[in-house]
Structure formats: C-alpha cells, structure tokens
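Work through the exercises below with the sequence and the model open beside the text, and try each task before reading its solution.

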Amino acid sequence: MLIFEISAKGRRNHLQAPRLAPAATDIPAHLLRHKAPLFPEVSELQVVRHYTQLSRKNFSIDTQFYPLGSCTMKYNPRGVHQLASLEGFLQHHPLTPASHSQGYLQSAYELQQILSHITGLSAVSLTPMAGAQGEFAGVAMIRAYHLSRGDTARTEFLVPDAAHGTNPATAVMCGFRIKEIPTDKHGDVDLDALRAAVGPHTAGIMLTNPSTLGVFERRISEIAKIIHAAGGLLYYDGANLNAILGKCRPGDMGFDVMHINLHKTFATPHGGGGPGSGPVAANDRLKPFLPTPIVGYDGKQYRWLTTKDCPQSIGRLSAFMGNAGIILRANIYARLLGREGLCRVSEYATLNANYLMARLQQAGFTLAFPDRRASHEFIITFKKEAKTLGVSAKDIAKRLLDYGVHAPTTYFPLLVPECFLIEPTETESKEELDNFINILITILKEAKDSPDLVKQAPHNLPVRRLDDLKAAKELDLTWRE
Amino acid sequence: MPFIPHTEDDVKTMLKTIGVKSTDDLFDEIPSNLRINDLNALDVGLNEMAMGRDMKDRAARDGGLACFLGAGAYEHHIPAAVWQITGRGEFLTAYTPYQAEASQGTLQLLYEYQTMMAHLMGLEVSNASLYDGASALAEAVLMAVRTNTAAKESRILIAGNLHPHYRQTIEALVRPQGILLETLPYNDKTGCLETQLPKIENGDIVAVVIAQPNFFGGIEEVDAITDWAHQHQALVIAVVNPIAMALLKEPGAWGQRGADIVCGEGQPLGIPLASGGPYFGFLCTKMDYVRQMPGRLIGRTVDQDGKPGFSLTLQAREQHIRRAKATSNICTNQGLAVTAATIYMSLLGASGLSDVAKASHANSKTLCAALTAIPGIRLRFNSPYFHEFVIECPCTADVLIQALLKKNILAGLDLSVLSPELDHCLLICVTETKTADDINAYVNAFLHALQNITSISTTVED
C-alpha cells in the first residue's frame, strides 16, 4: 500500500505547521500557485506506522550480515551517531561566522590531520560529498596541475579493467579520454600493456589498491615509476582503504592524490544509498589545487580557507562545505578508536576475509585467485556451477536473502564471470562467518538436489523476483490519481 | 576491543584455519619497503563517556543562536517523527538497494518521494536525489547539454542573482567539459532579472538558469523569462526553494510550456542546518528527457507472482553499467536525507507545507516592516519576496552582524560576499520558527546596535 492510498481528503495534521497563516496578498496572482500538489493527507500515526512498516522490509547492518564487497558494511556505532546529532551541531547554520563555529571547525580540522597521517599525503579537503565526487576532485586537480604547467597535450586517463564504474565515468566528466589497462592472470595490472599505453598524452592513472579483485597490487612502486616517468600522475581510489589502515599508505606507494570513503572505512551509516563523504588528500605537488573550503588553523582560531587563500584551487563542489554531519561522525569514530584501534581495523577485516576464503575453499567453492592472499575482501566464482547445475551467481545471491543474509556484491568486477565479491568487515564475529559458510554450503547442496528452489528464490521476502524489464519498458516513476 | 568481537580463541582458530602464525603474516604481499608498523602520531582512543563530554562541549560552542540567516540553508520546524523514523537502523544502516527484494522499504519510500517531488514541482519525473542543490544544478546543466542537441554551442545563460556558491559550483563541475557559462544580468533596483531580455539568436543557447526566489529572496517574472527562452529554443532550468513552491507557481506551470529541468536544495524539507550537510539535491524533468537524467530512478513493477514491487530502473544510464558512457559519475546519493524529506512531506501534507510557506512569508514581512521603519534603513530591492529580503544600512553589514552576535542573534548574511559594493547590505531570512517575541528581540538588538554605532561615529567626529 502506498502512502497515497491511505490518504483521505480533508484529513489534516495541524500540529506541524502554524495555523491560519495569512495569505500572501502582496505577491501578484500570476506568480502564485493555484493547484495544490498531490501530497497524502494522513494522520501522524498513519505516517509513523506506514514508514515503520516500510523500514521492516529492508535488510540493514543493524538487522543482517551484509557482506557487500567494496562497500565496507561495518557496524555504525550508535554513540557516534548520537554525539554527531547534538542540538548545537544540528542547529548550526553553515554560514555562521567562524567565531561561533569553533566546535565544528576544530572537529573538521582534526579529521583533516588524521586523514593526512593515515594516507601519507600532506593536505586534505573534506568537501567532496561522496566517493565519486572525491574522484572528480582528484582527477580535476590532476587536470589543473597539467594545465598550470602549460601541458595541454595530456588528454588520456588510464583505468584498469577491474576498476569501479565511477572511475571511467569520472575521468570522462573531467574531459579525458579513457584507455583501459588489462589485468594479468594473477590479478595484477598487466605491466607490459601499461608500458605500451603510457606516453605524452597520459594525464594519469586511477587505481584501487588492494584492487577490486581483492588482492594487493604488489608492483605498485613500479607502476608509479612508469606513470611518473611519462609525466602522468597517480590517483588512488580509496574504496578499499579499510584493508590497509596502519599497514601501508597510498602516499608511500607513489600516489599523488586520493579520496577516502568515510561511509566505508570510517563507519558512517550508508543511509539506504547515502549520504556518503569522499574527502580528497593530496601530496605537496597537488595540494594547491585542492577544492575549497578547507579548514585552516593559526594556533588560536579555526577558520575556512577559500579561493582567496588557495587561488589555484579547482573551486567549490557544493553550496556549503560538504556533508558536515558525516565529517563529524568520522572524527568521532577515529578518535574513539585511536591509533591502536585504527590499526586493528585492517587486521581484523583481513583476518575475517582470509578465514572466510580458506573455509569456503575447503568446502569446495572456487576462488578467483586461489594462490593469492585476500585483502579485506575476495572473490569466488560460480562459473562451474552455472555450467553444470544451471544455477547462476544471481540465483545463489537471491537464495541467500531467504536465509537472512544480504548478498555479496555480484557480477563485479566484470572480468570474473558469475562472481561474488565478499567483504565481511572487522565487526563480524566468527560465529556470524561460520553461519554464512554453512548457509552457502546448504545452498550449494540445494542447487544440486533441487535447483528450482534456488533458481526461483527468494521465497520468504516481501516480494519475489521483480520484473526489471517491465520496470524499464513501462516506466512508472510517479504515482498518479 | 572497540567494535571487534573476536576472542583470543577465535583468533587462534582462525589463523590455524588460514595456515598462518599471526595476523601480520596476512599482509605479506605488501612489499616490505611500503609497510608501516603503527599510527603512533595519532592520539590514543577515548571511551564513549569521555568523547561525550568533549563533543557536548564543542556542540555548546556552536549552538544557541537565534537564526535569521538563510542564503541557501533554512531553519524550519522539524516534526519529532521525522528523524525518529528516519533514524531506525533499517533505514540508517542499509545501502543502495541493489538487491531489490531485500530493499523494498527504501525503494517504495523513494518511489513515494519521487511522486511527491514531481507533484510539488509540477513535472512528470523526479530522480531519487543528488548531493545538494548546487551540485544538482551542475548536473542539470550537463543534462541540458546532452538533451538540447540542436544548440550550436554549449552555452548556458545563468541568472546573475543566483546564489554565488551555486555559480562557483557549476564553474568547478562543468568547466572541464568545455561548457560556456554566461551571465544574465539583474536589475539593480528590483534585484530581479531585467524585464528587457537580451537579444539572442535561435539555437545559440542550450539553457537558461533561473532562480525562484532569487538569491536576494525576490520573486522573478518566471512566465515571461520561460517563454522567451523557449522562443529561442533554449531549455529552462529552474532552481527553486521547495517550501516556496507550496506558495509560488510551480515550475511545470511557468509560461506556455513550463520549465524543462527543475532542481534545488531539498534541505528545507525536514533536514537540520547541521553546518551545511548532509542535505540533498532534487532534480525533476519532463518524461521526454528522462533518459538523460543523472542519478538513481525507482520504478514500480511487479514480481513473478504479479505482486507490485519496486526496483532501480533505467540503470543503463548509470556508471556501474555504462562506465565511461554514463550520464554522470554519481553512485552514492543522499538516501537518508530523502527518507527524512518524504516523512516530512507526508506529515505536513500540501496544506501544512503551504501554511509553513505563508507563515514564513508573513514573518519576514513583519520584520522587514519594523526594520525599514528605522530612519536610515531601507529595503534594497523593491520587488515582492518570499521569506528573505535585503536591507541597506548606514554602516557595513558586518558591524551589525557582530553586534547582534553578542545578543546571540545570527542577523543575516553580509552581501559583500557577492560583491564589495554591497557591503552595507544585509540579507535576512525569517521562517515560521520565529515568534513575535523573537522578531521584537531582533529589532531591539538592531536598534541598540545602530545607536551604539551612531554614537561611536559621532564621538569620533567630535
């Protein structure tokens, strides 16, 4: 039932708005609205009940194991949420003078320092509002750097074929052409192909390390050397930073600029598809181009640095200063964990991934890279099962939902057929992992004994498989009376 | 260990299963010259209690001001139910609804959001949100360039009275694609766009960007501008305040054919000011242009038993499918803020939203009348306005802002941010949250500040 279908004409909820507001007689009639928008007319209880019931149709970290690869669905601490939601923070207008914004500014400044240290890069701007906007900022900074040197020939960006879809889409938004670099059979970047691809047109490369294949790019220093020698720069996609916190740093690997997904590594809630936050960090070479505003500190007062302070900046990416509430949460999370706790994150995320990988291999599942160590995530492929049993990765994913587990990322990265990208995160217990393994074993058995049970899954959810073709062909995007 | 459930026994068993001696061995593929051993430059961790004291202290330093500042972020009453429901773990800690069957809650809510937003704007389609108002406008500009393929050049005409931060954001986000941004001037007396619109050739311009209300709070003659743009084969991009749309003519009804793309900041719909985010950007358009839209779209369909359900649709526009050929690089959007906005709109209904708009308008008229009755204070622009207006003062706006801050009043925005010659101008916003007492307190503090300033300048002159 839609909220519009429980609506009744004339039902009003007077508590939420001033009553008897006077008409706006000074505004000319032809500029006024004459037809009220079609909103539901419902009571407060009806609203509360409707959306509470809807919430119960969702899987979430709070209710289910959610091993969605490359998304780092770890526990979002309640204390962090509560402290970032204090009244003083919530009622604070973004354009309040700095004298009355020191609490927020200090928190943002501290996070800049923490991120700089963790990444091994010298400066940070917190303004990008999600990973993809952080990518945009980084690639636009590389573009601005080349142009500032009068180097206009660099029109190409290199992107490995295993990259997130946002990488090529971002480089195109920044006006570049894409050259795809293949992956070798061990999951590393094909160095010969890379050497052949670089040249005077190379603006840079976008890399994730550990890559989306769940393995560490071992020859990263050599890659950096090849790119830098050709005059290009290196962009680090921070989606997998959870794997290396306190173990190694993108700045040391030779990266010039990167983004960090606070909604992954720093445990801020994903909110059903956002908000995220994608701060961008840069080395000395690219620091002048960071997006504004940035928080500065003179030893006494925190204040916003704008394009007046940073004349080479690529500029502003949002009306104010990014997703401030998420930045606060990341600050609180990082300072709760502290230096030991942050190092433990990557240790236990990696332990959980390698344990799961080892147990699944023992149970007969096919690993995409059996001779490699898992990072914080790894890939299994159902290519064999698809062929012999006619059961696809999608079928198994849907059956997992029946067992109350969110499916891992499916069919990504694109170069491994029928794959699951599995990321358990550090906040899951061994019991939860064992339970997941047992469920997968059960499903594989079902796939052999009664394949239709798996192919027709899910059976126990609010809806069964949806007709996506109909959704796209007979577009129904808004309810009409 | 904070947020890590492993016991020592667990770790031993797990390492044994993997076949390594220590967790350190799990990082043996990282070249040793790249390894670091600690993060000891950072502080040790705090517990929740200590952190609570620290953050309460910081929050107290930032709070407690009576807010008369708008300029793109607006304080409105947020019903208790909005964030009580939005904060449920099932909304808060889910991710993008890729597994539709396990995300029907979020998906149905987004479909309801799309419906309400499209109806509020008088258009056929809304997406499921973008980051914020300014970046949504940049996406709208890129969408217009993709849509209006008849235009000879990628030229966009932008209202000169658009929020300056929006202008800066578009510059940063669309400049790399070689799009030309030009300014449509506003009239110095009205603050609104010139009624004498410039001469342009047909097909010279991709789109015209109009703000309703404009940055000064003024209400534009949208019908005439829309028809003029359409006569020259330019699309109309409207940047609007969603609360104002409960009172002012909806963009779908502007002129003969209505605005083509409508975007703006969704924050007024139940999202707290919160230092500038997370907010959300909305984007609505006509059905004909839906395939050029950026961002997620939710469609209603049926499951294999014929039961209604919801799923992400037209994904072939998006980066995870189309990669380099996507309409945008956007992936994560602002789902949670949209959840709050949907609950807010449901609680208020059309009449409630209209009451909020009318009360904000009436309150701003009251304060404006009281201030402009003070000798030496005048209304800077003589056009009708929604809930923000500009006054010109005998001193710089900054002096007044500092004086009122001492009385815990956030007086407004110093318009020298827009241009140095507007440094005596103060942009003031009043919403439905302000009572007659609040407005009186502002006027008294303002009078007091003015008297001080006048007496100081008199002393100096003596």
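**Exercise 1.** Determine which residue stands opposite Gly281(B) in E8(B).

*Solution.* Glu265(B) stands opposite Gly281(B). The pairing behind this is between strand E7 (residues 261-265) of chain B and E8(B), antiparallel over five bridges, where strands are DSSP runs of E with at least two residues and helices are runs of H or I with at least four, numbered from the N terminus, and two strands pair if DSSP finds at least two bridges between them. Strand E2 (residues 125-126) of chain B also pairs with E8(B) in the antiparallel sense, over two bridges, and here Ser126(B) stands opposite Cys284(B).

The model is predicted, with local features needing pLDDT of at least 70 and side-chain atom pairs pLDDT 80 or more, while totals for chains, interfaces and linings use all residues. Residues are numbered from 1 along each chain as its sequence is written, and chains are lettered from A and ligands numbered from 1 in the order in which they are written.

**Exercise 2.** Locate the exposed residues of H14(A) relative to its buried side.

*Solution.* Among the buried residues of H14(A) are Leu433(A), Phe436(A) and Leu440(A). The face turned away from the buried side carries the exposed Glu431(A), Thr442(A), Lys445(A), Lys448(A) and Asp449(A).

How values were computed: A residue is buried if 20 or more other C-beta atoms lie within 10 Å of its own, exposed if 12 or fewer, and partly exposed in between; C-beta atoms are placed from the backbone.
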